[in-house]
Amino acid sequence: MAVDCDVAIVGCGPVGALLANLLGRRGVSVRILEKQQKPFGLPRAIHFDGEAMRAFQAAGLAEEVLPSTMVGRGMLFKDNDDKVLIDWSREQQIGPMGWYESYRVHQPGLEEALLKGLTRFRHVELRRGVSVSNITQDFGSVLLELNGNDTLSARYVVGCDGAASATRKLLGIGLDDLGYNERWLVVDLILQRPRDDLGDYSIQFCDEENPATYVRGVGDRRRWEMRLKPEDPTEISDDLMWQKLKRWITPQDARLERSAVYTFRSCVSQEWQSGRCFLAGDAAHQMPPFMGQGMCAGIRDVANLSWKLDRVLKGSGDNLLATYFPEREKNVRQFIELTVRLGKLINQTAAGNAPAGNMKSIWPSLGEGLGSRDGVGGELAPQIVLPDGVRADDFAKQSFYVLSKEPMETSIPSVCGQWDKLDEFGFRAAIIRPDGYAMAGINSVDEIDAHIEAV
Ligand SMILES: Cc1cc2nc3c(=O)[nH]c(=O)nc-3n(C[C@H](O)[C@H](O)[C@H](O)COP(=O)(O)OP(=O)(O)OC[C@H]3O[C@@H](n4cnc5c(N)ncnc54)[C@H](O)[C@@H]3O)c2cc1C
């Protein structure tokens, strides 16, 4: 049956827009259906990590994203006496991802770069003012009802329509609540005069009564997040907001860009796939912003799903798509669990268990799925920067390649570089997937074809 497009994406937030760019770059025909007439235009995410930057690179947009960012210094968790409980400083040099470990970002700038990226592809179309009102599917395609008066058919559908996902509800998929539900006031300010004393680190003020977060944004932007008390009103007036901020800043120092009350939640969708339909981003999982990982998790989702959709559309077996949910779910749950633990520390509800000292970024493995789980397969591999400055994923044209300790004659692209996991688990090399995760450790070139043929 003829369909209107290969993939329909519901929602054009950062996750949907990135997915469309990743698919567009692979030549997949895409329609993005977005409810809002205009981009949201105000910041939410203010941090992303080097792995996310690697995904923007895969979309061919790293250079376009960079101007909206600055390198992140890290995060300090402090108690009421200003004592540092946890120091989560980030490296200030290019790290294993081939990018810096942490970036601060102005989200509207990032989204603008992603939207502009879509204009590179004639086979990618963004339709605004369109809301999905019904989904039906058969063995070969999905039919979407739009605004109750139009239809669109696609081989596959990905719901990237955020926390209140209509796609998730229309597919009848429930959420597992992972135990965090708090009202926080989020205030974005633009400095009107220098306040160098605020510093470049984000700071978590761990306090049972008034937990709060300070985030150094890009340029003159600064953010505070403060937990609201049960007695605080639903609507927070500007007077009350400045009163809560006065410990750090006053209207003489900064002007308000916006303030909003959010309920921070942690939850995971019970399924991320129903037939030919998938969920990604906040539609599939939500977490409080204490680690700055919500959007990053959505970026990992579409980095994982995009190349699998492309391969299946080009003839690989459907079972490749069934690896998406188990691989990604295990990975995201580890971020959510750590975020919730840190949230408890910030709220001082589990101060006794505070993991004091230095904290390192985590790079959780994928769950069971494609390839071996041999200590190397399923792990996020480093991205080697070649002597001529080309990054390994680009060298391999975002396809499979081999990362080996010593030169190897291989049938697919290969790069030489060190990765401690190879020594730790006794392998000469690893096959790297298009999303930067290793597929398997190998010791001879004969093993490569067998692994690749299985995809
Ligand atoms: C205060 C705060 C701070 C945060 N800080 C960070 C951070 O520093 N780092 C980080 O990684 N994450 C952070 N996050 C999380 C991050 O903002 C989200 O994870 C991210 O925006 C999710 O992106 P998304 O594209 O999945 O969903 P959204 O950004 O919610 O986009 C969904 C899109 O779908 C559209 N849509 C909805 N319903 C329909 C429909 N029926 N039909 C068509 N379109 C529809 C919406 O209009 C919207 O454009 C933060 C969140 C908050 C609230």
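Colleague: Before we start, contact here means heavy atoms within 4.5 Å. Leaving aside neighbours within four places in sequence, which residues is Asp-232 in contact with?

Modeller: Bear in mind that this is a predicted model, where local features need pLDDT of at least 70, side-chain atom pairs count only at pLDDT 80 or more, and totals for chains, interfaces and linings use all residues. Residues are numbered from 1 along each chain as its sequence is written, and side-chain values use heavy atoms, with hydrogens and water left out. Asp-232 sits in the loop between β15 (221-227) and α6 (238-245). Beyond those neighbours, its contacts are Arg-183, Leu-240 and Lys-244.

Colleague: Is Asp-232 buried or exposed?

Modeller: Buried means under 20% relative accessible area, exposed over 50%, and partly exposed in between (1.4 Å probe, protein chains only). Asp-232 has a relative accessible area of 11%, so Asp-232 counts as buried.

Colleague: How many residues of helix α2 (residues 50-58) are buried?

Modeller: Helices here are DSSP runs of H or I, at least four residues, and strands are runs of E, at least two, numbered from the N terminus. The buried residues of α2 include Glu-51 and Arg-54 as well as Met-53 and Phe-56. Helix α2 is largely enclosed by the rest of the structure, because the buried count is 9 of the 9.

Colleague: At what angle do α7 (residues 294-313) and α8 (residues 324-346) pack?

Modeller: Axes are lines fitted to C-alpha atoms, for helices over the stretch in contact, and angles run from 0 to 180 degrees between N-to-C directions. The two axes are 10 Å apart, and the angle is about 165°.
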